[in-house]
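Q: Please take a close look at one part of this structure, starting from a single residue and its setting, and then relate it to the rest of the chain. State the cut-offs behind each term as you go.

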Amino acid sequence: MTHLNDITTDTNVSTRSKGSHLTIDDRVKISVLKELEYSNRMIAQYIGVAHGTIDREIKRGMVTKMSKQSNNGKVYCYYKEYYDPYTAQERYEKSRSNCGRTPIYQSSPEIINLLDDLMLGEFDFKDHDKFESLDSQKCSPYAALKIAESLVNDDVKLPASERSIYNWIDKGLLRTKNIDLLEKTRRTKAKHGRTPKREQPGKNISQRPKEVETRTTFGHWEMDTVQGKKSAEDPVILVLAERLTRYNLAFKITSKTPNAVSRVITKLKELTGDYFDEIFKTITPDNGSEFFEVANEVDQANLRLNSYPRKILGGKSSLDRFEEEILKIIDPETLAV
């Protein structure tokens with residue numbers, strides 16, 4: 001009988017990388033070595049795998065062979081079990097084809113349709129109070145995923161992240177194409193210390209507390225104005241943005257004057273009462289405001305903006321975060337009264 005030492009001196013002895021799978025050539029070698037009555041541990045040493053791998057492989061490829069023998073007019077059946085490399089390979093390939101879960105885009109076409117509708121602006125929000133203000137607005141893959149999470153049942157499988165949705169779009173698996181996606185806006189940070197064009201009430205951006213820059217404290221607001229074509233008939237919109245929650249307040253004012261702005265601040269003081277100083281710790285005007293054409297339905301557009309899920313807020317909307325911060329300041333029972 002050939003000895004293991006004779007076999008292992010062959011140049012075909014494997015130096016396998018960790019985790020590599022057995023091939024049909026490996027299985028034929030295993031079959032030959034089993035016929036030579038080598039142990040599984042010895043075969044494993046030759047093939048270059050753990051002996052447990054050979055134990056499992058032998059079980060995978062075991063078949064039963066029946067042979068018949070006649071003696072004195074009687075037929076006797078004999079059964080013998082042996083390892084068949086081709087049966088083992090066939091069973092291995094079948095097991096590989098069944099492994100892994102079916103992709104969501106194949107198993108849940110209704111989820112794909114929902115995401116497509118959200119990203120293409122075709123979803124009807126009328127029956128969903130929380131997102132009703134979004135109307136037919138197109139959503140980014142991230143926002144579409146977060147909205148979908150709140151619309152479907154907990155047992156419905158959704159993509160693990162927006163990265164999966166981007167991959168599906170790139171592969172052409174969705175109706176949504178890259179050209180349909182919302183453009184990623186690039187915002188340039190304001191340059192600190194520039195010379196103001198005009199005197200402004202209150203502290204300018206360079207003078208505000210350093211804690212405002214970190215966006216970790218609630219109650220610091222930036223104030224800006226948006227104007228039309230600068231004609232007498234065009235309204236002016238005063239916008240206040242809370243830095244931590246990104247929540248926006250918008251007011252239509254008669255003119256871009258200190259008196260008009262003061263009337264808005266006075267109105268806010270009346271509405272918030274004793275909580276004004278906690279809600280509005282600082283209000284910093286933008287010394288370099290630019291003016292754009294004012295769109296109609298300002299309130300509705302502002303509500304859409306505040307209701308939109310944001311990645312920077314962990315999938316919550318500015319409205320969600322703003323309400324959370326307000327409830328830290330104001331007792332809900334007081335609001336109920």
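A: At 25% relative accessibility, T53 counts as partly exposed, a class that lies between buried (under 20% relative accessible area) and exposed (over 50%), with a 1.4 Å probe and protein chains only. This is a predicted model, in which local features need pLDDT of at least 70 and side-chain atom pairs count only at pLDDT 80 or more, whereas totals for chains, interfaces and linings use all residues. Residues are numbered from 1 along each chain as its sequence is written, and side-chain values use heavy atoms, with hydrogens and water left out.

T53 belongs to helix α4 (residues 51-61); helices (H or I, at least four residues) and strands (E, at least two) are DSSP runs numbered from the N terminus. Between T53 and N40 there are 9.1 Å from C-alpha to C-alpha, at a separation of 13 residues in sequence. The loop between α2 (24-35) and α3 (40-47) holds E37, which has a positive phi of about 65° although it is not a glycine. E37 counts as exposed, at 66% relative accessibility.

A positive phi also occurs at R246, again in a residue other than glycine, with a value near 65°. R246 lies in the loop between β4 (236-242) and β5 (248-253), but it counts as buried, at 18% relative accessibility. Leaving aside neighbours within four places in sequence, N306 is in contact with R246, Y247, N248, S317, S318 and L319. A polar atom of the N306 side chain lies 3.0 Å from the backbone oxygen of N248.

S318, in helix α13 (residues 318-329), is buried with a relative accessible area of 0%. Its side chain is joined to that of R310 by a polar contact of 3.2 Å; such a contact is a pair of N or O atoms within 3.5 Å, where within protein one must be able to donate a hydrogen and the other to accept it, and residues adjacent in sequence count only if both atoms are side-chain atoms. Not counting residues up to four places away in sequence, S318 touches T245, R246, Y247, N306, Y308, R310 and L313.

Y247 is also part of a cluster that ring pairs form with F218, W221, F276, F280 and F322. Rings of Phe, Tyr and Trp (its six-membered ring) pair if their centres lie within 6.5 Å, and planes under 30 degrees apart count as stacked, over 60 as edge-to-face and the rest as tilted. A search of the whole structure finds six aromatic pairs. F123 and F125 form an edge-to-face pair, 4.9 Å centre to centre with 70° between the planes, and both F123 and F125 are buried. A ring also takes part where the charged end of R27 sits over Y92, 4.7 Å from the ring centre, the criterion being NZ of Lys or CZ of Arg within 6 Å of the ring centre and within 35 degrees of the ring normal.

F125 leads on to the largest nonpolar core, where it is among the residues that touch the most other members, together with L115, L118, M119, I147, I165 and L174, out of 25 residues. A nonpolar core is a set of buried Ala, Val, Leu, Ile, Met, Phe, Trp, Tyr and Cys residues joined through side-chain atoms within 4.5 Å. The helices α7, α8 and α9 (162-170) each supply at least two residues of this core, and its largest share, six residues, comes from α7. A second, separate core of 23 residues includes F218, I253, A260 and I326.

G121 is in the loop between α7 (109-120) and α8 (141-151) and is buried, with a relative accessible area of 15%. Not counting residues up to four places away in sequence, G121 touches S136, Q137 and K138.

For the protein chain as a whole, the secondary structure comes to 14 helices and six strands, and buried residues make up 36% of the 337 residues.

Methods. Contact = heavy atoms within 4.5 Å.
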